[in-house]
Amino acid sequence: MSKRTMTLNLTDAEMGVLEGLCAKKDLSKIGVIRQALRLYQMVDVRLERGDKLFFEDDKTKDKSEVMML
Amino acid sequence: MTYGISAEWSKKMLAFDEHVTPGAGALATRPHVDPDAVSLRVEETRLVFGHFINVARRQRRLTIEKLADDADIEVGELLSIEQDPHYEPDLRTVWGLSNALDLPQPKLMELAGLAVPKEGHWLEEVTRYAARSAPIKDVTPDEQAFHDAVVAALTMKAT
Amino acid sequence: MTAYQVHLFDAAAGAMVEADLHDEIAEKQLIDWQFQWRPAVQAYMKRLVDNGIGPADTAWPQSWHWDWRGKMNEVRGLLGHTGYSVVCRDVTQGMMRLDLASRRARLDSQAGQDLVYVDYLEVAPWNWREPYADAPIYRLVGPVLMHAAITRSVDEGFKGRVGLHSLPQAIPFYERCGFTNLGTRPDEYEGKLPYFESTPGAAEAYLKGELK
């Protein structure tokens with residue numbers, strides 16, 4: 001698969017979050033960004049289809065809809 | 001990492017010869033379907049259904065396009081029904097066909113495998129009838145022309 | 001599409017035979033499924049019925065209703081899903097759909113980490129090993145697909161972590177692959193399919209051909 005390169009400029013805060021996720025998820029920076037893009041696309045496609053995205057509290061079963069407009 | 005696999009690795013894996021079929025994913029249970037109704041009958045009657053729609057259309061001298069139009073369904077759908085015994089038509093389509101061909105809708109549903117027959121004898125009878133009526137006659141001049149055109153297209157060399 | 005050379009075992013010839021692993025499930029695979037797999041499944045099920053076997057019996061095939069065309073349509077264009085197929089002598093012998101993004105590991109040692117999840121894995125019906133089926137034509141289709149899933153996991157930086165829900169008949173297969181059986185959960189697949197997961201260590205051993 002052919003690949004293309006781009007430069008990504010992040011603020012210190014953004015870089016901090018990225019590095020934190022890398023450590024937590026045991027992934028490289030590009031690994032985290034790739035996963036983020038896959039998930040973002042999946043959520044976007046499902047919302048476009050009319051699905052809704054919820055977070056559910058495991059104990060109370062309370063649901064809160066995640067709005068992405 | 002390479003996705004290629006050496007013959008050596010494969011030979012080692014032969015030792016790994018469990019007598020099971022690998023498989024992963026959702027189960028084949030369909031709780032909303034009565035297990036007794038899950039039978040090969042559906043595939044058989046659907047074959048008859050496709051054959052019947054084909055004959056009914058020709059008997060009324062309708063083109064595929066015309067019947068699809070009358071039934072308000074896609075041409076491709078009608079083609080699939082007539083030619084692919086595995087094609088599962090949806091309810092709306094069968095309803096459209098029953099209207100366009102002026103046939104009782106509940107029984108057409110049963111023939112299309114979309115409803116469980118209340119009483120199955122007539123299905124067995126029409127299945128036997130369909131087997132006997134399978135065409136062995138010569139192709140018509142139109143069919144011959146169609147055949148020749150397809151063969152010509154198939155054998156045409158890419159430029 | 002890229003094709004990689006792999007080897008299957010041709011049971012009739014009693015010898016290894018070259019095959020291709022494709023990093024996709026293409027139209028050709030769906031056509032093979034539609035016009036070769038499905039009629040073979042029908043013939044097998046007819047044989048079951050003739051032998052008095054019904055849907056409630058354990059010998060009833062568990063993937064008979066799978067619609068691969070529908071499965072691939074569901075995920076068309078999605079970066080988080082991909083498929084692999086094994087082709088030998090121009091016929092599709094097995095295929096699997098992978099989810100690269102939406103599942104997390106469950107084993108304590110790696111809980112919450114990303115993994116490759118095998119959404120669906122199926123081998124062609126003539127390669128089945130079932131009580132009423134003829135002997136399989138090709139062996140090793142399943143192991144080759146699992147090799148691809150684990151390799152993809154390594155490529156993604158997931159260190160060989162792979163998760164899947166095994167069909168009940170296939171449990172011994174994944175156990176021998178070195179996967180850990182985490183059992184069933186009532187909220188998943190009616191509590192009928194146990195969840196299996198590999199660790200980096202188990203994955204490495206598998207890729208080396210070391211079996212449990």
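Biologist: In strand 5 of chain C, which residue is the bridge partner of Gly23(B)?

Modeller: Glu122(C) is the bridge partner of Gly23(B). Residues are numbered from 1 along each chain as its sequence is written, and chains are lettered from A and ligands numbered from 1 in the order in which they are written. This is a predicted model, where local features need pLDDT of at least 70, side-chain atom pairs count only at pLDDT 80 or more, and totals for chains, interfaces and linings use all residues; side-chain values use heavy atoms, with hydrogens and water left out.

Biologist: What makes strand 1 of chain B and strand 5 of chain C a pair?

Modeller: Two bridges join strand 1 of chain B to strand 5 (residues 116-123) of chain C. Pairing requires at least two bridges found by DSSP, so these strands pair, and they run antiparallel. Strands (E, at least two residues) and helices (H or I, at least four) are DSSP runs numbered from the N terminus.

Biologist: Which elements of chain B give two or more residues to the side that touches chain C?

Modeller: Helix 1 (7-14) and strand 1 (23-24) of chain B do. Helix 1 of chain B gives the most, seven residues.

Biologist: How many residues of chain B and of chain C are in contact?

Modeller: 36 residues of chain B contact 62 residues of chain C, where contact means heavy atoms within 4.5 Å. The two chains bury about 4,500 Å² between them, 65% of it on carbon and sulfur atoms; buried area is the accessible area (1.4 Å probe) lost on putting two parts together, summed over both. The count of salt bridges between chain B and chain C is zero.

Biologist: Why is Arg161(C) with Asp26(A) called a salt bridge?

Modeller: Their closest N and O atoms are 3.6 Å apart. The rule asks for a side-chain nitrogen of Lys or Arg within 4 Å of a carboxyl oxygen of Asp or Glu, so the pair qualifies. Between chain A and chain C the count is three salt bridges.

Biologist: Which elements of chain A give two or more residues to the side that touches chain C?

Modeller: Helix 1 (12-25) and helix 2 (29-48) of chain A. The largest share, eight residues, comes from helix 2 of chain A.

Biologist: What is the area buried between chain A and chain C?

Modeller: About 1,400 Å², of which carbon and sulfur atoms give 48%. The contact takes 13 residues from chain A and 19 residues from chain C.
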